[in-house]
Amino acid sequence: MAAPQTPLQSTGLDSRLRDAGLFLRQAFRTFRATGAVAPSSRALGHALARFVDEREDPGAPLSIMEGGAGTGAVSRVIVEHMRKGDTLDLVESNPEFAGHLAELLATDPELSAAADSATVHQALVTDLGPDRSYDVIVSGLPFANFTAEEVREILEYYFSVLRPGGHLSLFGYLYTKQVKAVIAPREDYLRQARSSWVVEEWVNRYGIGTERVMANIPPAWIHHLRKPAAD
Ligand SMILES: C[S@@+](CC[C@H](N)C(=O)[O-])C[C@H]1O[C@@H](n2cnc3c(N)ncnc32)[C@H](O)[C@@H]1O
């Protein structure tokens with residue numbers, strides 16, 4: 001028999017359902033920017049938060065950015081891996097999601113643990129400006145929906161604000177190109193192919209590891225990139 005649910009467990013489930021509802025509504029409203037129909041799984045979050053966990057200098061606090069934080073599914077896991085002194089910038093262009101994240105930081109049992117060290121920015125990542133510096137960037141942006149020029153601009157921005165030796169972890173969904181080859185208009189298939197070549201170019205230059213996470217809807221790939229210590 002299942003153990004009786006504590007109030008905290010039921011609050012957790014309620015808030016996950018609320019997040020999933022909000023995510024789906026925004027996906028219908030603006031699929032190009034949202035890029036998925038459901039928030040990421042915890043398994044994907046843990047894989048993306050790898051370099052918040054694995055630190056070169058365990059004594060030095062990390063400056064972390066999550067680009068495209070959505071309803072905070074990955075942010076929650078990042079917060080779990082954060083240590084005293086770390087800071088987190090949650091960047092989200094959709095005002096509904098950004099407002100929701102600000103509310104979660106104040107009220108959510110998991111995210112409020114980082115209330116004093118996390119900041120929500122309702123902005124495009126590329127509008128954050130050059131006066132920033134991060135040790136770890138976790139990107140949830142739906143590159144498959146962007147043009148090659150947009151992907152290049154974002155990757156250049158990430159690397160301009162990443163400290164030498166810092167890490168960028170980004171993800172996308174498996175098999176989308178193959179599915180699009182069959183069902184999407186030719187221009188859309190070609191646009192996605194071109195934007196994926198830009199990602200590949202960066203992975204070839206800076207990639208240090210690739211993972212597949214099947215426990216996600218849909219299953220995902222992750223690339224981990226490292227900015228060279230002396231660029
Ligand atoms: C695939 S969802 C990922 C959401 C969340 N990280 C997760 O894994 O569940 C992509 C998110 O990126 C946001 N987004 C898209 N383009 C953006 C941009 N240029 N700058 C900031 N956020 C952006 C969308 O509004 C959406 O919330």
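**Nonpolar cores**

I looked up the largest nonpolar core and found 32 residues in it, with Ile64, Ile78 and Leu88 having the most contacts inside it. I took a core as a set of buried Ala, Val, Leu, Ile, Met, Phe, Trp, Tyr and Cys residues joined through side-chain atoms within 4.5 Å, buried being under 20% relative accessible area (1.4 Å probe, protein chains only). Helix α6 (residues 95-107) gives the most to this core, namely four residues; helices are DSSP runs of H or I with at least four residues, strands runs of E with at least two, numbered from the N terminus. Another core, of 26 residues, lies apart from it and includes Met65, Phe146, Leu168 and Tyr206.

This is a predicted model, in which local features need pLDDT of at least 70 and side-chain atom pairs pLDDT 80 or more, while totals for chains, interfaces and linings use all residues. Residues are numbered from 1 along each chain as its sequence is written, and side-chain values use heavy atoms, without hydrogens and water.

**Ile64**

Beyond its neighbours within four places in sequence, I noted that Ile64 is in contact (heavy atoms within 4.5 Å) with residues including Val52, Ile78, Met82, Leu88, Tyr134 and Val136.

**Annotated domain**

The unreviewed UniProt entry places "domain: Methyltransferase type" at residues 66-168; such annotations may be inferred rather than shown by experiment. I found the end C-alpha atoms of residues 66-168 to lie 10 Å apart, the span being 35% helix and 25% strand.

Methods
Buried < 20%, exposed > 50% of the residue type's maximum accessible area, 1.4 Å probe, protein only.
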